[in-house]
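I opened the file to look up a few things and kept notes as I went. The entries follow in the order of looking.

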Amino acid sequence: MNGENAQIVVSSRVRLARNYHDLPFDNTGNANNAELCVSRARQGLEGVSGEGFTLYRLNEMNKMEQLSLLERHLISRDLLDHSAEGAALIRGDRQISVMVNEEDHLRIQAMQTGFALENAALLAFAAEDRLAGVCDFSFDAQLGYLTACPTNTGTGMRASLMLHLPLLTHFKQMGNVSQTVAKLGLTIRGIYGEGSEALGNLYQVSNQVTLGRTEEEIIAAVTAVGRQLIDMENVLRLRGEKDNLELTDGVWRSYGALRYARQMGAGEFMQHWSNLRLGASLGILPVSLAAVDELLTVAQDAHAKKFKFSDASIATTDQARCVIIQQRLTPKEE
């Protein structure tokens, strides 16, 4: 299922919200409790054979470094808002990230490429087991895991799929889709979660509440809706392939702009990136999905700014973005 649906499903993520039973949930302004949470998380994850975790303290990082982690979906915007106390333990392969001192003491998240929610859940629960071995989490026999926000109480799980839905967007179907999904207890958000835009026609589909549902039920619900959206998008793609001049023209125009532009803002890049991914998915363009998906990260603002600082000949972030793009899209024989 993963290989076939990778054309539409960019990634899968499972996040668990957890709090230590013996500490107030909010560590804002409490340096001692915040540091205790970091220490416990390090203790739980260190020393695991072949699974080295690196600690990132946000107050020791500059803004560009912080945003680079956000662009890779390794931390959340909420953690940036708690940068005085916030930290993240990130596994070397970037499949597991544990945010410390965000809204809750711990936000354990596991990420997989493509349609792989069950695999992501296994990774998240394995990390949770090690963390719980250091100190028990706040748990109520009737309610489940207790969290800072009531909507996370219960399993504390948020399961989500990142979907690329350019034709559902083009045909203005996403409004109806969002309403239907909401009736099922799910929600659709933008590329960086709550409050963010659906840049590049990328949408996160996730459960809205966790109370009263088991982990298995949450994953099943998100999986079912994900499959429905895949089917809907594929129907429109098949329609577009039958009368494909407009579709292929837009794809090739974006490919040309990305190959040859000398400066490009982030918003324009995301528009062209969406067409690039559609063209790669349909086999129209000579570029792999893996290369397109990596471009989504490395051509964002923070990564482009970092690249600019490494090359004195590049004057602006928008110019650096184009250099990065062309390095990855230019065929080797050229």
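I take helices (H or I, at least four residues) and strands (E, at least two) as DSSP runs, numbered from the N terminus. With that numbering, I placed histidine 73 in the loop between helix 3 and helix 4 (77-81).

Basis. I note that this is a predicted model, where local features need pLDDT of at least 70 and side-chain atom pairs count only at pLDDT 80 or more, while totals for chains, interfaces and linings use all residues. Residues are numbered from 1 along each chain as its sequence is written, and side-chain values use heavy atoms, with hydrogens and water left out.

Entry 1, positive phi. Histidine 73 has a positive phi, near 60°. Asparagine 101, also not a glycine, has a positive phi of about 65°. I found asparagine 101 in the loop between strand 4 (96-100) and strand 5 (106-113). Are these residues buried or exposed? I use buried for under 20% relative accessible area, exposed for over 50%, and partly exposed in between (1.4 Å probe, protein chains only). Histidine 73 has 23% and is partly exposed; asparagine 101 has 3% and is buried.

I counted 13 helices and 10 strands in the chain. Along its principal axes the C-alpha trace spans about 60 × 50 × 35 Å. Buried residues are 51% of the 334. I took contact as heavy atoms within 4.5 Å. Of the contacts with a separation of 6 or more, 66% join residues 24 or more positions apart.

I count two strands as paired if DSSP finds at least two bridges between them. In what order do the eight strands of the open sheet lie? I read 2-3-4-5-1-8-10-9, with antiparallel pairing. Strand 2 (53-57) and strand 9 (186-189) are the edges, each pairing on one side only. The twist averages 20° from one strand to the next; for angles, axes are lines fitted to C-alpha atoms, for helices over the stretch in contact, and values run from 0 to 180 degrees between N-to-C directions. Helix 7 (residues 174-183) packs on the sheet and touches strand 9 and strand 10. The direction of helix 7 makes about 150° with that of strand 9. I then checked strand 8 (residues 157-164) against strand 10 (residues 202-207) and found five bridges in the antiparallel sense. Leucine 161 stands opposite valine 205 in strand 10.

In helix 11 (residues 289-298) I list Leu289, Val292, Leu295, Leu296, Thr297 and Val298 as buried. Their cover includes helix 3 (63-71), strand 10, helix 10 (266-281), helix 12 (301-309) and helix 13 (317-329).

I found glutamate 217 in helix 8 (residues 215-242), partly exposed at 42% relative accessible area. A polar atom of its side chain lies 3.0 Å from the backbone nitrogen of threonine 214.

Methods: A polar contact is a pair of N or O atoms within 3.5 Å; within protein, one must be able to donate a hydrogen and the other to accept it, and residues adjacent in sequence count only if both atoms are side-chain atoms.
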